[in-house]
Each structure stands twice: as structure tokens, then as C-alpha cells.
Amino acid sequence: MMDKIQILWADDEIELLKPHVLFLQEKGYLVQTANSGDGALDLIRKNNFDIVFLDENMPGLSGLETLTRIKGIKNDLPVVMITKSEEEQIMEDAIGSKISDYLIKPVNPNQILLSLKKILDNKRLVSEKTTSGYQQEFRSIGMTLSDRLSQEEWKEVYKKLVYWELELQKSSDQSMFEILQMQKHEANAQFGKFIEGNYVNWLNGKDKNAPTLSHTLIKNKVIPLLDGEGPVFLVLIDNLRYDQWKVLQPVFHNYFKTDKEELFYSILPTATQYARNALFAGLLPSEIEKMFPNSWLNDEEEGGKNMHEEQFLAANLKRLGKDVKYSYNKITNHAAGKKLSENFNNLMGNKLNVIVYNFVDMLSHARTEMEVIRELADDEAAYRSITLSWFEHSPLHEIIKSIAEKKGRLIITTDHGTIKVTEPSKVVGDKNVNTNLRYKQGKSLDYVKRDVFEVRKPEDAFLPKQHVSTAFIFAKEDKFFAYPNNYNYYVSYYRNTFQHGGISMEEMIIPFIALSPK
């Protein structure tokens, strides 16, 4: 042990416990003893003990009285109560006074050791086990990345990386966490090549193993659920990554059980204007533009780009032969969320209720623009934490509880994720080039080819073609586009912000969760 753990053992028959004390000393613990409550309190005032073993039945100051006074001196000092009695009242008093554990006499050395490990070594042991587990998985994931993976196998790789990221976040071993980040970066480099080689084939029906994508999600995943009993609530939380879902999941499990936890692929660009419109329309962007010429706006055109989702959804349901009563609500601020929560009962007569909730998207933009949010969500773990904190205190949490109480079925999904960008990639274009940092479209684009997936013919990827020479480029890995003009300012402002629009596992591989009430 690097720093020896200091134990105080207080018992009026401490001499009889000498073998136990020697046993602990042989195991590397430092042990001091006291034969009364008063003696124990004196030692606690003078020393920094890590734990106290306290006899409940001592003459003079009793164990329970001593316990109360210990907590008055050092409230966070763990105390293990040792008692001859199993009387319920005594144990209730002790537990109410925040004991960490209790043992019934006669105690044996292994019981003591187990109690110590349970209380003091728990965090370290969990950390060591987690680190050891990832060390074993590291090699396996690394070998997998060298294979030609299918779209299903990429989902499994991403799930594993998210699992270990969340586990290692709890560990004190920073070096292993850094190794995981390197492996995730390598995975994203390979994933970019995978998307380059397969994406256009998926859209053009040339791959029979193509995944469910944004525009096929409602047809493949939502429509089958409408055949069941009761209303279905489709809650789309804009920008919700899979790791953020895993952090929110325990809260949902207070009210729901998970029927399906699946991942699907966002279309490109992984931006709200494209991915969310495609999701509701059941069409790819160029198809939406043709079918709804007055409702689709291109990047360079003025006006809201997601103003017609309800219209797109209605047409999609009609094409799919689903003549059901539905509602559509988009929540972009706290007041609107509160109003929907208060009027929740109005939704119960519909077969399908769609709720688009924009908070996580607003958080990622606020993190870029507001210094205080940057500080609160300094890294991935903090970003997840602030997402959870928001949800727990949001009107959406109240809406979720109402759905469970009314025995509604629930779908949680999203339109795309985000990635924390770190590396700038220079791009040059004319004044009409769009402002997104992860994809660009326009004429005469000049860029670093190795950093992007380029689509020279937008029609190949079912993207609107604004001009004869329009091309699209999508940033890979954790790159972000920066203009040579005012380059250093631009880079310092946007580095380490969360962006979307490009190609990464975090942006493209996103959750679809079907839940039913408990």
C-alpha cells in the first residue's frame, strides 16, 4: 500500500482482540487501540484515522454515544459498529447515525478484512478492475479495427468504445483513459474510410445490407410500433449522442423498461436541416426539394430550414398507408416545454405524438458561444453531466413521467450527434459557401483532400444541386473547417467545441430506443 491505512479500534476488552490487531498489522494496516469511548475521542482529535471499529457495548460512554460524538468531530470518518446484540432498535439507531458497516460478535479476521475492503478499497478495486477489463478489450478492439467491418459491426465497435469511456471515466487511471481516446480517434479514422467506401451505395440501393438511415427510420422502426395498444410518443431530442443516452437511461428506467435499444445511421450532412427533414419526410434531401419545392430552403437561402417538419411527416404517414390521428410539437425553450407538460392530457387521444426537443442542440451552440458554458462543459464527461442535470430538471422529465403514468409507449431518438473538434483543416470558397464547420457546399472549393469525404456530384448522395459546379465536402475524424483569413482567431475560438455536419461515429451512429411503461 502506498499510504498505509490508519485504523482506530475502540473496545473495553481490547486486550482480548490482540490477535485481530496483529492480523491487520501483518496485512500492512496501522492500528491504534482505545479501551473506552472517551479514549477513542481523544485519539480522533489528535490523529487522521481512515476508519474506526467501535464496540457498541462499552461501559461509561456507550458505543452509540461515542458514534454521535465522532460524527460531531469528523462527519465523514467511516465507523464500523461491532455489537453482541442483533436488537433491531440498536441497529436502527446506529444506521440512522450513519455507520458504514456493522459486525456481530464474535468477529473473525476475514470479516474485518472484507469490511475494510468494502469501505476503503471499493473505489480503488473498482478502478483497478475497470482498467484491467479495458486492457483486455483494447487488444480485441484494435484487432477488430484492422478488419473490413460491416455497418452492424461498426455499431458494435462504437457501443464498446462508449461503454469503456463511461467506465474509465469513473476510474482514477488517467493513462488508460488517454489510451481509450487514442483508440477512439483511430476508430474514427477507419470509420471515415468505411463511410467513403459505402455511403453512396447505401443510398442508391447497391448494398442489400444497408443500415436503417434517417429517411427510412419511420418506415422501418416507428410504423411497426403503431400497431400495438395505446398511444406512441416519439420524442426526438436534437443532437443526442449515444453516450448521452446511456447517461440519461437510468432516469428513464425509473418509469420505463427498455424493449429495444438500437443504433441507426444519420444521413450526410449530419445537420438538422438535412437529417431531421429526411427523418420526418421519409425522403432524402433532393427528393424533398423535388416533392416540396416551396418548403425546402438551401443553405444560402434566407429563412428557417426546419419549418415544415409536420407537413413532411403528414405526407410520409399518408404514403405509408397510416391514417392515424397524430400531433406534432416542437419545443425550443423552457416555457414551451412547460406549457406542453401542463396540457399533456390533450395528447392522449392521438395514436402518435411527435415531440421535437431542442435542448441538447442549444447546449452545444451555447457551449461554443458562452464562456460560462464552456467552463461548465469543459470535456466529454462534463458535457454528459450537464445534459443529465438539464434533463432531470426539465419539463421533458415531467412529460416522460406523465407518459409512464398514462401507460403510453415511448420512443427516444435523435437526428444526429456531435463531435468535439480539435484539428483545423483549411478551406477556401466564395462568399456563398455555407458557414457549417463540418461540411461545406459551393463552387470552386479548395481544401485538404485527405481531411474530407468529397461528393463531386451532389445527385450521387441525393443532395440538392444549387449550381452546375456545386460540390459537397464532409470533414472526417475531429477536423473542423477554417478559413485562411483571420485563421488563428478562428481556430482558437472553435477548437474543442462540439460540432456536427461531418463524418464520425459520434455524429452518424445514433440511438433509437423503444420503451414501455413499468
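The model is predicted. Helix α2 itself comprises residues 37–46. Its buried residues are Gly-37, Ala-40, Leu-41, Leu-43 and Ile-44. These residues lie on the same side of α2, because they cover an arc of only 165° around the axis. An α-helix has 3.6 residues a turn, so residues three or four places apart point the same way. Arg-45 and Lys-46 sit on the other side of α2. Both of these residues are exposed.

Helix α1 spans residues 18–26 and contains Val-21. Is Val-21 buried or exposed? Its relative accessible area is 8%, a value under the 20% limit for burial, so Val-21 counts as buried. Apart from neighbours within four places in sequence, Val-21 is in contact with Val-31 and Thr-33.

Strands β4 and β5 form a parallel pair. Strand β4 runs over residues 79–83 and is joined to β5 by 4 bridges. Within this pairing, Ile-82 stands opposite Leu-103 of β5. Strand β5 covers residues 101–104 and has two faces, one covered and one uncovered. Leu-103 belongs to the covered face, together with Asp-101. Tyr-102 and Ile-104 make up the uncovered face.

On the α16 side, the contact involves Trp-390, Phe-391 and Glu-392. On the α17 side, it involves Leu-396, His-397 and Ile-400. By class, the residues in this contact are 4 nonpolar, 1 polar and 1 charged.

Ile-399 is also part of α17. It has a relative accessibility of 1% and so counts as buried. Which residues does Ile-399 contact, leaving aside its neighbours within four places in sequence? The contacts are with Gly-337, Leu-340, Ser-341, Phe-344, Ile-355 and Tyr-357. Ile-51 provides another reference point for Ile-399. The two residues are 348 apart in sequence, and their C-alpha atoms are 45 Å apart in space.

Some values describe the whole chain. The protein chain contains 19 helices and 19 strands. Its C-alpha trace spans about 95 × 55 × 40 Å along the principal axes. The chain has 518 residues, of which 55% are buried. Contacts were also grouped by separation in sequence. Of those between residues at least 6 apart in sequence, 74% join residues at least 24 apart.

Notes:
Residues numbered from 1 in each chain as written. Predicted model: local features only at pLDDT ≥ 70, side-chain atom pairs only at ≥ 80, totals over all residues. Heavy atoms only, no water. Buried < 20%, exposed > 50% of the residue type's maximum accessible area, 1.4 Å probe, protein only. Arc of directions from axis to C-beta. Contact = heavy atoms within 4.5 Å. Pairing = 2+ DSSP bridges. Nonpolar A, V, L, I, M, F, W, Y, C, P; charged D, E, K, R; others polar.
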